[in-house]
Amino acid sequence: MAHSPASYFIIPSFTWRPIDKQPSMARPVSLLLLLAAVLSVGGFLVCPAAAADKTGQITVFWGRHADEGTLGDACNFHGIYTTVNMCFLNVYGHGKYNLDLSGHPLAGVGNDIKHCQSLGIPVFLSIGGLGGDYGLPTNQSAFDLADHLWYSYLGGDREDVPRPFGDARLDGIDFFLEPGGGVGGGEEHYYDVLARELAKRNSSRAVVGKINSPAVRLTATPPCAFPPDGRVVGRALATGLFERIHVRFYDYPNCTSWIEDAWDAWAAAYPASKIFLGLTASLSDACYFERHDVFDIMIPIVQKPDNYGGVMIWDRYNDEQNYNHYSSYVKNWV
């Protein structure tokens, strides 16, 4: 693929590994960044264009560390986060379901959900994750998961189905799906069926009179490699039902070399979705970007497309551990 002089060539310092492996916990050296946009061309320096738009939107993942504070704490964090994704429902697709919030007690989470929503911060449940036992190898498995999500976490009511968060109703579902798809390995997975089935449930809320329950919202958090895995998340995204796509530009070094090309591909492929720049706040993750590099390099690139949405940060715990809060600095620029 040819690259224009305006592209940014980024060479992080990391250890290469296959894309389907879990992230290494080895602490990387700080990123080594080469800006092709600051080149000597005919004796002149070509500088990046100023950011065209700001949304102020920051999505954060919560639920992976018992000592990261409560969900309510995350929503009370100086108004930094505008959406919270709880993670993960990491077992499904074979008649079993498991919600893993890494030791967070479920008691009180329902009240925290309602508190966040009262602040205008929607709360999503993320399905999938790293190392889970999940997949949708059949249409029926997709229908079954849609029922489980609807009655356990969203707008449905059924006496024989327990609700982990009581009467709190989540705003939507996030698809955090790894290449390979968990259960079933390289098989086709019917996440497109799940997305369509959840979308159908939206209109049923008016029928049952839940006027205070807005429509289910769908987002996705895929790896940055483009095109997305057609057997898994690619099928879902092709439905056009996702309001936001958080593209993970971390843990997958092979797609951070030409950041502008990758970003433009995602933005062009899904013009009806808001595209978010997915960053890690952990210095131990591959492709960690220092805060000044986010400002100098990443933000001018990602804010160019009309469907730029904001930034996604992995995760609340790492954000707290990273000096004076990674998100506090990024918030000024997004």
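Author: The side chains of Arg-231 and Asp-229 form a salt bridge, with 3.1 Å from N to O. A salt bridge here is a side-chain nitrogen of Lys or Arg within 4 Å of a carboxyl oxygen of Asp or Glu. Arg-231 is partly exposed, at a relative accessible area of 32%; buried means under 20% relative accessible area, exposed over 50%, and partly exposed in between (1.4 Å probe, protein chains only). The model is predicted, so local features need pLDDT of at least 70 and side-chain atom pairs count only at pLDDT 80 or more, while totals for chains, interfaces and linings use all residues. Residues are numbered from 1 along each chain as its sequence is written, and side-chain values use heavy atoms, leaving out hydrogens and water.

By this rule there are 16 salt bridges. One of them joins Asp-100 and Arg-64 at 3.2 Å, N to O. Asp-100 sits in the loop between strand E7 (98-99) and helix H2 (109-118), and Arg-64 in the loop between strand E5 (58-62) and helix H1 (71-75), so the pair ties together parts 36 residues apart in sequence. Helices (H or I, at least four residues) and strands (E, at least two) are DSSP runs, numbered from the N terminus. Asp-100 is partly exposed at 23% relative accessibility, and Arg-64 is partly exposed at 21%.

Asp-167 and Lys-114 also meet in a salt bridge, at 2.9 Å, N to O. Asp-167 lies in the loop between H3 and strand E10 (172-176) and Lys-114 in helix H2, so this pair ties together parts 53 residues apart in sequence. Asp-167 counts as exposed at 56% relative accessibility, whereas Lys-114 is partly exposed at 34%. Salt bridges with shared partners join Asp-147, Glu-197, Lys-200 and Arg-201 into one network.
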